[in-house]
Amino acid sequence: MYNVVSIYSITNNNYRNMKIIGINGSPRINGNSAQLLEIMLKQTEQYGASTKTYHLNKMNFKGCQGCSSCREKGNCVLKDDMNVLLKEVKEADVVILSSPVYMWQMSAQTKLFTDRLMPLLKSDYSSRLVGQKLLMLYTQGNTNCSQFSTYFEYTKNMFSFLGFRVLPPFVAGGFHHENDIQKYPNIIQRAKQSAEAIMMADCI
Ligand SMILES: Cc1cc2nc3c(=O)[nH]c(=O)nc-3n(C[C@H](O)[C@H](O)[C@H](O)COP(=O)(O)O)c2cc1C
């Protein structure tokens with residue numbers, strides 16, 4: 001019943017032109033996080049979304065320099081690839097940010113990106129975003145998907161503070177080798193369903 005309703009709703013609403021940006025924070029370009037991200041993006045494309053993928057590890061950007069001038073001006077003093085990502089985030093309807101869990105947290109590449117999102121805030125800490133949704137996609141070695149839920153919740157609150165409408169995170173575990181995802185058709189199926197839910201989500 002749920003699937004019938006969701007497909008009906010997706011094909012009969014105006015989400016067809018949705019722009020979705022996938023950002024992969026794993027250094028493994030063909031790893032589990034990247035593959036799950038691509039599966040989700042492909043699924044949204046089936047419903048008319050346009051998508052783009054960026055791999056943080058291939059991009060050239062530094063950590064935040066802490067000057068805080070971005071909150072006055074809306075842009076960063078650093079001239080590097082992060083400006084491409086900031087523009088994409090501002091123009092997107094949905095951002096899917098995938099990261100492996102490294103040492104109970106997001107990867108360093110993903111954290112570097114996150115710190116550089118400061119230009120999304122104004123000097124009074126209100127947001128320059130206009131309703132963009134964000135979904136965190138985490139992969140981990142641990143098969144217990146609740147193991148790091150405290151951290152995921154904390155991170156969700158941080159992204160909400162930045163002004164994103166944050167969707168429930170997608171968490172999948174049991175990955176060690178790059179291609180382990182292929183052993184788990186049930187997780188692939190869950191990722192596709194989660195992608196459909198993104199197309200449906202009005203607001204969280
Ligand atoms: C440096 C490092 C730290 C890791 N820390 C954790 C961890 O704290 N908890 C966990 O469950 N898995 C941990 N893992 C395993 C990865 O989260 C897991 O293999 C992930 O799916 C890799 O994603 P990828 O294939 O997209 O690179 C770690 C892996 C590495 C390389």
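**Ligand shell and overall fold**

In the shell around the ligand, at least two residues each come from α2 (32-45) and β4 (133-140); helices (H or I, at least four residues) and strands (E, at least two) are DSSP runs, numbered from the N terminus. The structure is a predicted model, in which local features need pLDDT of at least 70 and side-chain atom pairs count only at pLDDT 80 or more, while totals for chains, interfaces and linings use all residues. Residues are numbered from 1 along each chain as its sequence is written.

The largest share of the shell, three residues, is supplied by α2. Around the ligand there are 18 residues, of which Gly31, Ser33, Pro100, Gly141 and Phe175 come nearest; a residue is near a molecule or strand if its C-beta atom, placed from the backbone, lies within 6 Å of it. Sorted by class, the shell holds seven nonpolar, nine polar and two charged residues. In this scheme Ala, Val, Leu, Ile, Met, Phe, Trp, Tyr, Cys and Pro count as nonpolar, Asp, Glu, Lys and Arg as charged, and the others, Gly among them, as polar.

The protein chain contains seven helices and six strands. Along the sequence these elements follow the pattern α-β-α-β-α-α-β-α-β-α-β-β-α. The radius of gyration of the protein chain is 17 Å, close to the 17 Å that the globule rule gives for 204 residues, so the chain is as compact as a globular protein of that length. The radius is taken over C-alpha atoms, and the globule rule is 2.2 Å times the number of residues to the power 0.38. Taken along the principal axes, the box filled by the C-alpha atoms of the protein chain is roughly 50 × 40 × 30 Å.

Of the 204 residues in the protein chain, 37% are buried. A residue is buried if 20 or more other C-beta atoms lie within 10 Å of its own, exposed if 12 or fewer, and partly exposed in between, with C-beta atoms placed from the backbone. Among the contacts in the protein chain with a separation of 6 or more, 77% are accounted for by residues 24 or more positions apart; two residues are in contact if their C-beta atoms, placed from the backbone, lie within 7 Å.

The average pLDDT (the predictor's confidence in each residue, from 0 to 100) of the protein chain is 92, and 91% of the residues score at least 70. Over residues 1-10, pLDDT stays under 50, and the model has eight contacts beyond four places in sequence for this segment.

Helix α2 is mostly covered, with 10 of its 14 residues buried. The buried residues of α2 are Asn32, Ser33, Ala34, Gln35, Leu36, Leu37, Met40, Leu41, Gln43 and Thr44. Their cover includes β1 (19-24), β2 (50-55), β3 (94-100), β4, β6 (170-173) and α7 (185-200). At 1.5 Å a residue, the 14 residues of α2 should span 20 Å, and the end C-alpha atoms of α2 are 20 Å apart, which agrees. The expected span of a helix is 1.5 Å times one less than its number of residues. For helix α6 (residues 149-161), the 13 residues should span 18 Å, in agreement with end C-alpha atoms that are 18 Å apart. Gly163, with a positive phi near 110 degrees, follows α6.

Most residues other than glycine have a negative phi. A positive value is found at Ser68, where phi is near 65 degrees, and at Trp104, where phi is near 75 degrees. Ser68 lies in the loop between β2 and α3 (69-73) and counts as exposed, with 12 C-beta neighbours inside 10 Å. Trp104 is placed in the loop between β3 and α5; Trp104 is also exposed, with 11 other C-beta atoms within 10 Å.

The loop between β2 and α3 also contains Gly63, which counts as partly exposed with 13 C-beta neighbours inside 10 Å. Not counting residues up to four places away in sequence, Gly63 touches Leu112 and Asp115. Ser123 is located in the loop between α5 (108-115) and β4 and is exposed, with 12 other C-beta atoms within 10 Å. Beyond its neighbours within four places in sequence, Ser123 is in contact with Arg71 and Glu72. Pro168 occupies the loop between β5 (165-166) and β6, and is partly exposed, with 13 C-beta neighbours inside 10 Å. The C-alpha atoms of Pro168 and Leu134 are separated by 9.0 Å, although the two residues are 34 residues apart along the chain.
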